[in-house]
Amino acid sequence: MAPVIDPRLSQHVTRLEKLFETRLGLGRGGFEKRAARARRMMPRQLRADLARVTEARHMSGHPRLARQIDMGAVEDAAGRVESHLKTVDAAERRRHILLKRLGTVMFNLLVVGTLLLVVLAWRGFL
């Protein structure tokens with residue numbers, strides 16, 4: 001990927017990369033790869049904003065396409081994404097993921113236990 005030409009866009013991308021790492025735990029890969037993974041974790045309204053920033057970063061590497069970027073809209077979109085990421089609590093997010101996995105395991109154990117009891121009763125052992 002060619003370097004980002006506009007310094008304002010570069011600053012927004014740098015801040016977003018730092019927030020991806022600290023708030024969402026996305027420390028590996030390039031900006032596009034991390035943005036794609038972060039897009040799945042964001043509310044639907046902000047996915048388009050993140051896509052706009054990613055597209056502007058891609059377009060800024062090409063001299064003719066860079067003139068077509070609406071920097072006002074890109075800065076607004078980046079600001080909305082940054083403000084959302086600043087509200088994300090990393091510890092709460094990890095706790096939520098752990099509880100979700102634990103709930104899945106408990107549900108699976110309940111289903112297997114119920115099926116075991118049904119089979120034992122059906123076979124006449126209970």
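**Chatting through a predicted helical model**

Trainee: Let's start with Glu75. What does Glu75 count as in terms of accessibility?
Mentor: Glu75 counts as partly exposed, because its relative accessibility is 24%. Buried means under 20% relative accessible area, exposed means over 50%, and partly exposed is in between (1.4 Å probe, protein chains only).

Trainee: Before I get carried away, what kind of model is this?
Mentor: It's a predicted model, where local features need pLDDT of at least 70 and side-chain atom pairs count only at pLDDT 80 or more, while totals for chains, interfaces and linings use all residues. Residues are numbered from 1 along each chain as its sequence is written, and side-chain values use heavy atoms, with hydrogens and water left out.

Trainee: And what does the chain average in pLDDT?
Mentor: The average is 91, and 96% of the residues score at least 70. pLDDT is the predictor's confidence in each residue, from 0 to 100.

Trainee: Which element has the lowest mean?
Mentor: That's helix H4 (residues 63-66), at 86, whereas H6 has the highest, at 95. The helices here are DSSP runs of H or I with at least four residues, strands are E runs of at least two, and both are numbered from the N terminus.

Trainee: Back to Glu75. Which side chain does Glu75 meet in a salt bridge?
Mentor: Arg8, with N to O at 3.7 Å. Glu75 is in helix H5 and Arg8 is in helix H1, so this pair ties together parts that are 67 residues apart in sequence. Arg8 is partly exposed, because its relative accessible area is 40%.

Trainee: Remind me what counts as a salt bridge?
Mentor: A side-chain nitrogen of Lys or Arg within 4 Å of a carboxyl oxygen of Asp or Glu. By this rule the count is six.

Trainee: Which residue does Glu82 pair with in a salt bridge?
Mentor: Arg15, with the closest N and O atoms 3.1 Å apart. This pair also links distant parts of the chain, with Glu82 in helix H5 and Arg15 in helix H1, 67 residues apart.

Trainee: What does Arg57 form a salt bridge with?
Mentor: Glu32, and the closest N and O atoms are 2.8 Å apart. That pair links Arg57 in helix H3 to Glu32 in helix H2, 25 residues apart. Arg57 is buried, at 14% relative accessible area, while Glu32 is partly exposed, at 29%.

Trainee: New topic: how many residues are in the largest nonpolar core?
Mentor: It has 24 residues, and those with the most contacts inside it are Leu16, Phe20, Leu24, Phe31, Leu50, Val53 and Leu85. H1, H2, helix H3 (44-60) and helix H5 (71-87) each supply at least two residues of this core. A nonpolar core is a set of buried Ala, Val, Leu, Ile, Met, Phe, Trp, Tyr and Cys residues joined through side-chain atoms within 4.5 Å.

Trainee: Tell me about Phe31. What does Phe31 touch?
Mentor: Not counting residues up to four places away in sequence, Phe31 touches Val13, Leu16, Glu17, Phe20, Val53, Thr54 and Arg57. Phe31 lies in helix H2 and counts as buried because its relative accessibility is 2%.

Trainee: And what is Leu50 in contact with?
Mentor: Phe20, Ala35, Ala38, Arg39, Met42 and Val81, again leaving aside neighbours within four places in sequence.

Trainee: Now the loop between H1 and H2. Where is Arg28?
Mentor: Arg28 sits in that loop, between helix H1 (7-24) and helix H2 (31-39). Arg28 is exposed, at 73% relative accessible area.

Trainee: Last one: which residues form the nonpolar patch on the surface?
Mentor: Leu99, Leu102, Val105, Met106 and Leu109, with about 500 Å² of accessible area together. Accessible areas come from the Shrake-Rupley method with a 1.4 Å probe, and for residues only the protein chains shown count as cover. Patch residues have over 30% relative accessible area and no salt bridge; like charges are joined within 9 Å and nonpolar side chains (Val, Leu, Ile, Met, Phe, Trp, Tyr) within 5 Å. Val105 is in helix H6 (residues 90-123) and counts as partly exposed, at 45%.

Terms used:
Contact = heavy atoms within 4.5 Å.
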